[in-house]
Amino acid sequence: MDYKPESVEKKWQRLWEEQNLFRTEEDKTKEKYYLLEMFPYPSGRIHMGHVRNYTIGDVVARYKRMKGFNVLHPMGWDAFGLPAENAAIASGVPPKKWTYENIDYMRSQLKRMGFSYDWEREFATCDPEYYKWEQLFFIKMFEKGLVYRDRCFVNWCDRCKTVLANEQVEGGLCWRCGSQVILKEYDQWFFKITAYAQELLDDIDKLSGGWPERVLSMQRNWIGRSTGTLVKFKLEDVPGEIEVFTTRPDTLYGATFMSLAPEHPLVKTLVKGTDRETEVLDFVEDTLMEDRFTRTSDQYEKKGVFTGRYCINPVTGAKMPIYVANFVLYDYGTGAVMAVPAHDQRDFEFAKKYGLPIIVVIEPRGEHLDPLTMEQAYEDDGILVNSGPFNGLENRDAMAKITSRLEEMGMGSSTVNFRIRDWGISRQRYWGAPIPMVYCERCGVQPVRVEDLPILLPEGVEITGKGVSPLQDMEDFINTTCPKCGGPARRETDTMDTFVESSWYFIRYCSPHTNDRPFDEDKVRYWMPVDQYIGGIEHAILHLLYARFFTKVLRDLGYVEIDEPFGRLLTQGMVIKDGAKMSKSKGNVVDPADMINTYGADATRLFCLFAAPPEKDMDWSDQGIEGSYRFLGRLWRLVDELKDRLKGLEVEPGSKTGKLELEGIKKKTHQTIKKVTEDIDKRFRFNTAIASMMELVNELYKVKDTIPDKREELAVIKEAIENLVIMLSPFVPHIADELWHMLGHKGMLLEHPWPEYDAGWAEKTTITLAVQVNGKLRATLKVAKDILEEDATHMALSEQNVKRFVNNNKVVRVIYVPNRIINIITATR
């Protein structure tokens, strides 16, 4: 009987579904295990990156269930987003219709892969039953002061026609389409993530050991805590002051001009009605057309324009001209920089270009710096000069003293600054969750009544892609009444950033059909946090940071009791073909459907797991998947050939066989159980687990034709084959269940316990011994475990390469580390 993957896989997928095998309920008698892969956007078809990600998760979910855990393994859809609108523009298909049709198709693809999802928990984030609760969270956050509206400069992608959060700009480019990002001024809704900056930073330590250090480092850097001094510079001739955050208060006496970011709100105020207004605003407009990444580059030309205004240095009393500078960013510090050209290279270049004063305030010990002859800024430590009462101090010692002086003057204070900025969540598009706010001329901005939720996204909208929400043209949607006074009001037409939906979906999976509240508290308490989360490294800052923030907010709102959403995180590598990440633009995409039709889902799963460790990039190979298919065929033939001889036999794990080959098989069986268990449980080394099972198959092929019809010896073979099939079931579940039944068993392997190994049989009887001559490796030996030093020395000296390096010299000493190394020390001539 030949192996026919399509018929085998469809048969077992049907049986699994008929028995509702993957359905999960709370069971307090079992230890829970919540396994989750990042849910997909329903773009229309799954790709090999999906297949790899979800196969990794499925192995762990199946293994944990066989180990006795109560496993939650859900799936759903991150369904709002720009592609649906682009499809509507291109084809005229409404976003809702396009999205749900894609979901139906992708669901069928995932089922065809045999993934063990509890489909009863499925939802899409565009379901009103889902985003209703998101709107509730928005209102509760607004009431708590964690949501506010502000007019500011924001990142704008002209191709996507929408605002982007800072985290969605990568190297000056849009995270989605790769286009250059510019700055535009908009009214925006913000989540106050900065209120949680310190806790987000502190709790990174809780994740150490469970999350990749690379991800934790990226989040630490993005949050970017720095301690320094807030300094106030009074404006000359006009009321007001400029606040500056600096980590170098020791250089304050050398501050000779002020640099403002082009998007700083004070710029327009300073030049309004002056003869500098046109020139300054033109400069601002030109600068904001350039991407932020380029503006901060060392190679970027430093340019600026004088505002015609001055501020006063609080410690010297000197007038400092105020410039607008293209290299200053508003979202770092306060958006204003006290320029110290003698000790900052950017300021130095700027001062030289515009003829601004340079005052040295730090000199190397025993040296004098002349600002007229300096060719670059001096940025190292030294002794303070030209700094009034602080002259002669080490600059590091002077920092706290100068800050104290500012505090006495009421002109500054020590403070903490964070790089992270509040999360702008307004999006000027249709296909997203409506923001539940209205604008009343009498009462101002008001949240809608909770009992009126959800605020439904209207259908029948014309998608134009013009950079404004098409909801603005829907009078039936816009016109409403004020929830406070009952007068006429207008709805907010921006929708929420789709990263809001993905910031809490993992909690909703715990009770996806609870209708009277966001979550069933008991079920959330049972399942959360997620024990193992799996997804791409590209989400290190975006989704993962937002999810951590949102979990803490929901905790403080009383919905959950946990501080962190994900206990452990695995970031899987990319799928590479022809030296590049698979993408349509590169023409190197492999369609999973083609692989399934040709080789079957099990072979596709096996190759994705065998080709590389999960955290490494995986090189796609047509030969590789063919090899996986051949291995399954070889396994099939082995079982088919031996099944009739093995049925009905009882296995006695502790018995000796008396036949060397079969004793070796028994040892190999238990060594394989031990290795596969540890590779899955401790290391997620699926590739080496598969390799060890392939080795066991090879050993069985060596002896299968010489096995006598003796019950004890056949029992050894049966034990090996049955345990092999059980261990393979998380990796290749369809063929495993079929082979299990071919061996005369009933039921499904997902409900079968994971095999246990016998420590005595699993112990290795041979080891590799390194042989050194005078401390240098010259040979390796396969020897019996715990071999005596005398025997090991004799074998080592018999090795040809060892003889060559001993070269008849006298052996004066032998250093022997049992089971590891033997070092032969010779006398030198």
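**Helix packing**

Analyst: In this predicted model, the buried residues of helix α25 pack against α1 (5–18), α2 (48–66), α20 (601–610), α21 (622–646) and α24.

User: Is helix α25 largely enclosed or exposed?

Analyst: Helix α25 spans residues 733–742. Its buried residues are P733, H734, I735, A736, D737, E738, L739, W740 and M742. Since nine of the 10 residues are buried, α25 is largely enclosed by the rest of the structure.

User: How is α23 oriented relative to α24, roughly parallel or roughly antiparallel?

Analyst: Helix α23 covers residues 686–703 and helix α24 covers residues 711–728; their axes are 11 Å apart and the packing angle is about 155 degrees. An angle over 145 degrees counts as roughly antiparallel. The orientation of α23 to α24 is therefore roughly antiparallel.

User: Which class of residue makes the contact of α23 with α24?

Analyst: From α23 the contact draws on M693, L696, V697, L700 and V703, and from α24 on I717, A720, I721, L724, M727 and L728. By class, there are no polar and no charged residues, and 11 are nonpolar.

User: Which helix do the buried residues of α3 pack against?

Analyst: Helix α3 (residues 82–91) has L82, A84, E85, A87 and A88 as its buried residues. The helix against which these buried residues pack is α4 (95–112).

Terms used: Residues are numbered from 1 along each chain as its sequence is written. This is a predicted model: local features need pLDDT of at least 70, side-chain atom pairs count only at pLDDT 80 or more; totals for chains, interfaces and linings use all residues. Side-chain values use heavy atoms; hydrogens and water are left out. Axes are lines fitted to C-alpha atoms, for helices over the stretch in contact, and angles run from 0 to 180 degrees between N-to-C directions. Helices (H or I, at least four residues) and strands (E, at least two) are DSSP runs, numbered from the N terminus. Angles under 35 degrees count as roughly parallel, over 145 as roughly antiparallel, 65 to 115 as roughly perpendicular and the rest as oblique. Contact means heavy atoms within 4.5 Å. Ala, Val, Leu, Ile, Met, Phe, Trp, Tyr, Cys and Pro count as nonpolar, Asp, Glu, Lys and Arg as charged, and the others, Gly among them, as polar. Buried means under 20% relative accessible area, exposed over 50%, partly exposed in between (1.4 Å probe, protein chains only).
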